[in-house]
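Let's take a look at charged side chains and what they pair up with. Have the sequence and the 3D view handy.

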Amino acid sequence: MDWTEGPVLVRTPATSANLGPGFDSLGLALSLYDDVEVELTGGAVSIEVDGEGAEVADRGERHLIVKVLRRTFDVLDDLAGSGPARPPGIRLRCRNRIPHSRGLGSSSAAIVAGIVAARALHPAGKLFDDDAALRLATEIEGHPDNVAPCLAGGLTVAWTAPGGARLVRLESQVAQVTALVPEQRLPTERARSVLPATVPHGDAAANAGRAALLIAALTGGLPEDVLLDATEDRLHQDYRAPAMPDSAALVKTLRDAGVPAVISGAGPTVLAFTNASRVDSVVPEVGKGWHIHPLDVATRGARVMTGEPEVRA
């Protein structure tokens with residue numbers, strides 16, 4: 001078996017995790033994509049970035065995708081036993097559309113892109129199935145809620161079992177959402193640092209019921225008032241509100257108007273389960289300082305693209 005010749009282009013979707021009550025377990029793939037082109041060379045590491053993350057293009061071996069490629073190659077080497085030596089250099093070209101540090105899964109998209117590209121390039125890539133990819137992506141990311149929908153597409157429920165991360169993919173009857181993305185960033189580490197070590201039993205019980213209702217609402221096409229109840233959260237959003245007061249206020253305004261709205265992932269993006277025109281009618285001033293993205297639920301997860309590499313556009 002030989003290493004794949006020529007570049008490999010991988011497209012990964014944005015994702016929104018938690019969806020309100022489904023903390024660290026529920027995720028939704030969205031139609032906003034990063035394109036990553038990877039080619040093995042005989043030289044050093046070369047990185048070009050167009051769009052988000054251009055400021056880290058000079059990190060070389062410390063770039064997240066490069067680190068993921070190297071780690072995945074090592075895993076595949078172990079699976080295959082001794083094999084042909086790989087070229088030492090990597091040429092990486094990224095066209096990034098997913099906002100960074102905004103709660104839309106940019107790091108998960110990068111991790112999944114690296115794994116999928118490595119699998120396509122390595123002679124033993126077919127030995128590494130989607131379950132193995134999920135386990136490795138979760139080990140690198142630390143939790144499976146974003147990497148699961150990025151890999152599988154659609155609506156996912158993810159959890160960690162003794163053997164590693166697992167997922168179930170569901171068909172969402174909600175086909176469109178609106179992401180409201182602010183200018184400011186919020187690192188996931190900071191958003192997690194404000195969470196308490198324990199929560200009241202009543203709040204945990206309430207969230208368990210809401211998470212079950214949310215699955216029913218998203219997959220059963222239930223009315224918007226049910227979806228509004230289903231997206232209520234008591235585990236993380238209120239605790240994180242001081243770190244993102246504008247986002248918390250926007251969520252409250254939308255929900256008070258009957259729009260099912262949540263903090264997307266660790267924030268500060270707000271995800272509304274409605275169309276952009278409804279958001280405009282409720283909060284007409286939202287365009288000031290916010291980028292409004294009407295998005296479809298992405299039915300496909302990360303994949304190797306064929307044809308002209310769009311990363312060059």
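The side chain of Arg-119 gets to the backbone oxygen of Asp-129 at 3.5 Å, a polar contact (a pair of N or O atoms within 3.5 Å; within protein, one must be able to donate a hydrogen and the other to accept it, and residues adjacent in sequence count only if both atoms are side-chain atoms). This is a predicted model, where local features need pLDDT of at least 70, side-chain atom pairs count only at pLDDT 80 or more, and totals for chains, interfaces and linings use all residues. Residues are numbered from 1 along each chain as its sequence is written, and side-chain values use heavy atoms, leaving out hydrogens and water.

Arg-119 sits in helix α2, residues 106–121. Arg-119 also pairs with Asp-130 in a salt bridge, meaning a side-chain nitrogen of Lys or Arg within 4 Å of a carboxyl oxygen of Asp or Glu. That links distant parts of the chain, with Asp-130 in helix α3 (residues 130–141) and Arg-119 in helix α2, 11 residues apart.

By this rule there are 17 salt bridges, including these:

| Pair | N to O distance |
|---|---|
| Glu-52 and Arg-185 | 3.4 Å |
| Asp-130 and Arg-119 | 3.1 Å |
| Glu-232 and Arg-234 | 3.5 Å |

What does the pair of Glu-52 and Arg-185 tie together? Glu-52 is in the loop between β3 (46–51) and α1 (64–80) and Arg-185 in the loop between β7 (176–182) and α5 (188–193), so the pair joins parts 133 residues apart in sequence.

As for Glu-232 and Arg-234, salt bridges with shared partners put them in one network with Asp-203 and Arg-210.

Methods:
Helix = DSSP H or I, 4+ residues; strand = E, 2+ residues; numbered from the N terminus.
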